[in-house]
Amino acid sequence: MSDPKPVTAFGPDFPFAYDDWLKHPAGLGHVPESRFGQEIAVIGAGAAGVIAGHELMKLGLKPILYESGKFGGRLRSETFEGTEDVIAELGGMRFPVSSRGFYHYVDLVGLESAPFPNPLTEAAGSTVIDLEGDTHFARRLEDLPTLYHEVAVAYRAALEEHSDFANLTKAVRDRDTVRLKAIWDPLVEKWDERTFYDFVVSSKAFQALSFRHREVFGQVGFGTGGWDSDFPNSMLEILRVNLLELDDHQRYIVGGVENVLHRLWRHSADCAHWPKGTTLADLNGGATLGRAVKIARNAVGGFKVTDQWGNARDYAAVLVTCQSHLLTTSVAVDEEIFDQKLWMALDRTRYMQAAKTFVMVDRPFWKDIDPATGRPLLSMTLTDRLTRGSYFFDNGPDKPAVICLSYSWMTDALKVLPLSCEKRVELALTALDKIYPGVDIRSHIRGNPICVSWEADENFLGAFKGALPGHYRYNLRMYGHFMQGQMPKEQRGIFLAGDGISWTPAWVEGAVQTALNAVWGVMTHLGGTSHADNPGPGDLWATLGPVALPE
């Protein structure tokens, strides 16, 4: 019997094969020669902006990128002082193999990936779970007490009970769009206005278990750890993560994920119009422009974008990849450019908080064996203490290594928001001292710690979207905005992209897919088309598009 087809990030709301579109020899499409060289403003040099810019360049257009903060957006790899390759991944750090669109670009620029040290994985080596002062050491799920097995079984049963999960997964594997939409579309109305917690507690499997089981599920969860921060979210968001295996089979990018975008920025490609060897960096004079502060219509039906220094440039179209709240707080956008219903969606987007605290240590000392226990000194750690999740990154036996002392979300992230990096490290070490008494972490620390709170960054105002119940309609307005054929003329020509308008926020694949939607939108807006043998997302929207709920 042949192995089953792999799960990929295919749908379920819009089951378009972005990976197939990217690799087709016909390319994504073309624009009329009269449009060659026309400038397109791209607001934001994160994953969506750089990827869209690369593809627009290949069409013969001239994407001009604006960046208000650090190149790379939330793919931010911070290098520890005094080193060249010891990094802290402040944003995206683990990338599921189902993200085929993202890995297309990883492979294109020649970077490597390796298994991420998630709990209970071979890459982690060992895991410690510490809840309410009760500590368990494990290498596999089988090593944990029966209660943890019961939780895992109950959640799998809940998925099957509420969503016909096995058949949904098969439809994704087979890329059976008819079957996938037949199962998924009714779930949209059923679960859009109900929370993740409701999904859990209303299942027969969890109703047969104790509150303690639900508590452990929230603290430890499945895959990458605890999920209680997501309990208030719309269940649709969690179902997509489960269905597309976004929380499984994850890898990290060797040398830092930010390098994917730096390399793509300097990557030459076969382009219409531009000379052989042209790169996105070339078209931008080697550097992005600064902060965009105003977007307005110009006198010829295009757009005028003004930067922080008062410089105004005209563009044939604009692609906006920044977080949506910035369009009402940092960028002055003519109100008539977007429909009022879209403004509602952009303003109501809810972003989740996240904080990380990293230290560099002299070597991967945590692998040293404690003679008293026969176990490693430290393990990947999940806990209800302030740290929540602690991860260990080994660069070789005699090389500096990295510990992510704490990765937390929402309330736990807000607890440390006003604190200095040094204070955060002290709090994290104090928490870990209680789990690993007698283990001296401090003596191994080198250099300065690196911390981040995304909600405190004026260029982000939060880490990633977390849709609340009832937000599906808002999401559809944002995601479907690239389909502009029926819009009033004054609203056409400006496009949205980024994981925050995708169906899979917090995952880079959402940024990739919405960037490609926007590329198709710009191409079409300028009179171009996809090749007949390689139809783009807009060409298949009428048959594959997301289900619309009544307003």
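Select Cys421 and Cys451 to begin: their sulfur atoms lie 2.1 Å apart and form a disulfide, a term that denotes a pair of cysteine sulfur atoms within 2.5 Å. The model is predicted, and local features require pLDDT of at least 70, side-chain atom pairs count only at pLDDT 80 or more, and totals for chains, interfaces and linings use all residues. Residues are numbered from 1 along each chain as its sequence is written, and side-chain values use heavy atoms, with hydrogens and water left out.

Remain on this link and display the S-S bond: with 80 degrees about that bond, the link of Cys421 and Cys451 is right-handed. Helices (H or I, at least four residues) and strands (E, at least two) are DSSP runs, numbered from the N terminus.

Next, select Cys404, which is in no disulfide; the nearest cysteine sulfur, that of Cys451, is 9.5 Å away. Cys404 is buried, with a relative accessible area of 0%. Buried means under 20% relative accessible area, exposed over 50%, and partly exposed in between (1.4 Å probe, protein chains only). Cys421 is buried at 17%, whereas Cys451 is partly exposed at 22%.

Finally, move to helices H4 (residues 146–163) and H5 (residues 165–174). Select Leu159, Glu160 and Ser163 in H4, which meet Phe165, Ala166 and Leu168 in H5; contact means heavy atoms within 4.5 Å.

Terms used: Axes are lines fitted to C-alpha atoms, for helices over the stretch in contact, and angles run from 0 to 180 degrees between N-to-C directions.
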